[in-house]
Amino acid sequence: MSDTQTLNTLEDLGATGMATAEVSAPVHVQKIDAEGRAYATGKRKDAVARVWVKPGSGRIVVNGKDFADYFARPVLQMVLQQPIVAAERTNQYDVVATVSGGGLSGQAGAVRHGISKALTHYEPELRGVLKRGGFLTRDSRVVERKKYGRAKARRSFQFSKR
């Protein structure tokens, strides 16, 4: 079939060889800096976390404090450790994180997101496990803004007939 002929059916397209172009899956490679660390940024609500992961004994440091001291609630500590437990890498990596903005719940979610991304940068084969657990997806829910003529985002002022 020449280039000047028009394609009238799908069979004609198949005959040209254009339909059989192979699409390969993206290859994820290891991304490590000069000091042997993997870096990632995690976000949740208004919180932003910068996370570095390197081989170690399993220490997690958030803003210069141990994560158990920074996040006092056991639920937040569990949220922080979810990607490491899902990847079965407890006591194998040291995590250093700096987090700012938002509240404690958002900060814990941001650090979790950052740990997940940094683990995939260090060990690309963990991507499938973390993706299935939903740890690589940025939770995009944020607080709805207040509207004019309203008490809050959706709540109206109290109505009185008098």
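In this predicted model, helix H4 has 19 residues. From its first C-alpha to its last, H4 reaches 27 Å. That is close to the 27 Å expected at 1.5 Å a residue. H4 is mostly covered, with 15 of its 19 residues buried. Part of its surroundings is a sheet: H4, residues 104-122, packs on it and touches E1, E2 and E5. The direction of H4 makes about 150° with that of E1.

The protein chain as a whole contains 5 helices and 5 strands. Along the sequence, these elements follow the pattern α-β-β-β-β-α-α-β-α-α. The 5 strands form an open sheet. Their order in the sheet is E1-E2-E5-E3-E4, and the pairing is mixed. Strand E1 (38-44) and strand E4 (65-66) each have a single partner strand, so one side of each is left without a neighbour in the sheet. These two strands therefore stand at the edges. Strands of a sheet pair through backbone hydrogen bonds, and the pairing is either parallel or antiparallel.

Strands E1 and E2 run antiparallel and are joined by 7 bridges. Together they form a hairpin, with 2 residues between them. Lys45 lies in the turn and has a positive phi of about 50°. Two of the paired positions can be followed by eye. Arg44 has Ala47 as its bridge partner in E2. Gly42 is the bridge partner of Ala49, again in E2.

E1 has two faces. The covered face holds Ala38, Ala40, Gly42 and Arg44. The uncovered face holds Tyr39, Thr41 and Lys43. In a regular strand the side chains alternate between the two faces of the sheet.

On its other pairing, E2 meets E5. Strand E2 covers residues 47-55 and strand E5 covers residues 93-100. The two run antiparallel, and 8 bridges join them. Ala49 stands opposite Val99 in E5.

The loop between helix H3 (74-86) and E5 contains Glu88. Asn91 also has its place in the loop between H3 and E5. Neither residue is a glycine, yet Glu88 has a positive phi of about 55° and Asn91 has a positive phi of about 60°. Glu88 counts as exposed because its relative accessibility is 63%, and exposed means over 50%. Asn91 counts as exposed at 60% relative accessibility.

Another loop runs between helix H1 (10-16) and E1, and Lys31 lies in it. Lys31 has a relative accessible area of 48%, so it is partly exposed. Leaving aside residues up to four places away in sequence, Lys31 touches Arg37, Ala38 and His121. Ala38 belongs to the covered face of E1. Lys31 and Thr120 are 89 residues apart along the chain, but their C-alpha atoms are separated by 8.8 Å.

Among contacts in the protein chain with a separation of 6 or more, 66% are between residues 24 or more positions apart. Buried residues make up 31% of the 162 residues. The protein chain exposes about 11100 Å², and carbon and sulfur atoms supply 52% of that area.

The overall dimensions come last. The C-alpha trace of the protein chain spans about 75 × 65 × 25 Å along its principal axes. The radius of gyration of the protein chain is 24 Å. A compact globule of 162 residues would have a radius of gyration near 15 Å.

Notes: Residues are numbered from 1 along each chain as its sequence is written. This is a predicted model: local features need pLDDT of at least 70, side-chain atom pairs count only at pLDDT 80 or more; totals for chains, interfaces and linings use all residues. Side-chain values use heavy atoms; hydrogens and water are left out. Two strands pair if DSSP finds at least two bridges between them. Helices (H or I, at least four residues) and strands (E, at least two) are DSSP runs, numbered from the N terminus. Contact means heavy atoms within 4.5 Å. Axes are lines fitted to C-alpha atoms, for helices over the stretch in contact, and angles run from 0 to 180 degrees between N-to-C directions. The radius of gyration is taken over C-alpha atoms; the globule rule is 2.2 Å times the number of residues to the power 0.38. Buried means under 20% relative accessible area, exposed over 50%, partly exposed in between (1.4 Å probe, protein chains only). Accessible areas come from the Shrake-Rupley method with a 1.4 Å probe; for residues, only the protein chains shown count as cover. The expected span of a helix is 1.5 Å times one less than its number of residues.
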